[in-house]
Amino acid sequence: MRIVFISMGVLLCVSCADGTPPVLIDVTELPDTTDSVGPYTVTAVARDDRGIASVTLYYTADQRPDPAFKAIEMTSVDGDLYAGEIAGFPEGAEVRYFVEAGDTSANHTRAPVETDRYYWFSVVAR
């Protein structure tokens, strides 16, 4: 339901639909690592003019074409900067991850944007 008021020549809208998804920028691109203990911290900046409802980090080391991803809720550490941690993986693991943000109007965005693309890093031998 949308309620519109005109007061002193100004149009006010309560519960107007918001079709604009949030913006995700500056997502950490983790380098290859020799650290098999972890965690590996990922940060991202999430912004939306109506407010961010959630920022989620998804990750997997499963290399199948349609892998299951573990979801971790990222927390706000400083305003619009969010952080989440990927658990440690053994040597030889190739870890894929992406970040998704949702706003208070149920719009979502993903980084990287393409659903078949991911950030990734390898856990290499020392």
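This report describes the sheet, core, salt bridges and selected loop residues of a predicted model.

The model is predicted: local features require pLDDT of at least 70, side-chain atom pairs count only at pLDDT 80 or more, and totals for chains, interfaces and linings use all residues. Residues are numbered from 1 along each chain as its sequence is written, and side-chain values use heavy atoms, with hydrogens and water left out.

**The open sheet**

Strands here are DSSP runs (E, at least two residues), numbered from the N terminus. Two strands are said to pair if DSSP finds at least two bridges between them. Four strands form an open sheet with antiparallel pairing, in the order 3-4-8-7. Strand 3 (23-25) and strand 7 stand at the edges with a single partner strand each, so one side of each has no neighbour in the sheet. On average, neighbouring strands of this sheet are turned by 40° against each other, direction ignored; the axes behind this angle are lines fitted to C-alpha atoms, and angles run from 0 to 180 degrees between N-to-C directions.

Strand 4 and strand 8 run antiparallel and are joined by six bridges. Within this pairing, Ala44 has Tyr82 of strand 8 as its bridge partner. Strand 8 also pairs with strand 7, in the antiparallel sense, over three bridges, and Thr75 stands opposite Ala83 in strand 8. Strand 7 and strand 8 form a hairpin with two residues between them, and Gly79 in the turn has a positive phi of about 65°.

**The nonpolar core**

A nonpolar core is a set of buried Ala, Val, Leu, Ile, Met, Phe, Trp, Tyr and Cys residues joined through side-chain atoms within 4.5 Å. Buried means under 20% relative accessible area, exposed over 50%, and partly exposed in between (1.4 Å probe, protein chains only). The largest nonpolar core has 23 residues, and those with the most contacts inside it are Val42, Met74, Ile86, Phe89, Tyr97, Val99 and Phe121. Two or more residues of this core come from each of strand 4 (40-47), strand 5 (52-60), strand 8 (81-86), strand 9 (94-103) and strand 11 (119-122).

Contact means heavy atoms within 4.5 Å.

**Salt bridges**

The structure holds two salt bridges, a salt bridge being a side-chain nitrogen of Lys or Arg within 4 Å of a carboxyl oxygen of Asp or Glu. One of them joins the side chains of Arg47 and Asp80 (2.5 Å, N to O). Arg47 lies in strand 4 and Asp80 in the loop between strand 7 (75-78) and strand 8, so this pair ties together parts that are 33 residues apart in sequence. Arg47 is partly exposed at 44% relative accessible area, and Asp80 is also partly exposed, at 28%. Arg64 forms a salt bridge with Asp62, where the closest N and O atoms are 2.5 Å apart; Arg64 is exposed, at 51%.

Thr60, in strand 5, is buried with a relative accessible area of 6%. A polar atom of the Thr60 side chain lies 2.9 Å from the backbone nitrogen of Asp62, and the Thr60 side chain also reaches the backbone oxygen of Ala68 at 3.0 Å. Beyond four places in sequence, residues touched by Thr60 include Phe69, Glu94 and Arg96.

Pro22 sits in the loop between strand 2 (10-14) and strand 3 and is buried, at 3% relative accessible area. The C-alpha atoms of Pro22 and His108 are separated by 6.5 Å, although these residues are 86 residues apart along the chain. Leaving aside neighbours within four places in sequence, the contacts of Pro22 include Arg47, Ile52, Ala101 and His108.

**Backbone features in loops**

| Residue(s) | Backbone feature | Loop |
|---|---|---|
| Gly38–Pro39 | cis, omega about -5° | Pro39: between strand 3 and strand 4 |
| Ala111–Pro112 | cis, omega near -5° | Pro112: between strand 10 (108-111) and strand 11 |
| Ala106 | phi about 70° | between strand 9 and strand 10 |

Asp26 is exposed at 59% relative accessibility, and Ala106 is exposed with a relative accessible area of 59%.

How values were computed. A polar contact is a pair of N or O atoms within 3.5 Å; within protein, one must be able to donate a hydrogen and the other to accept it, and residues adjacent in sequence count only if both atoms are side-chain atoms.
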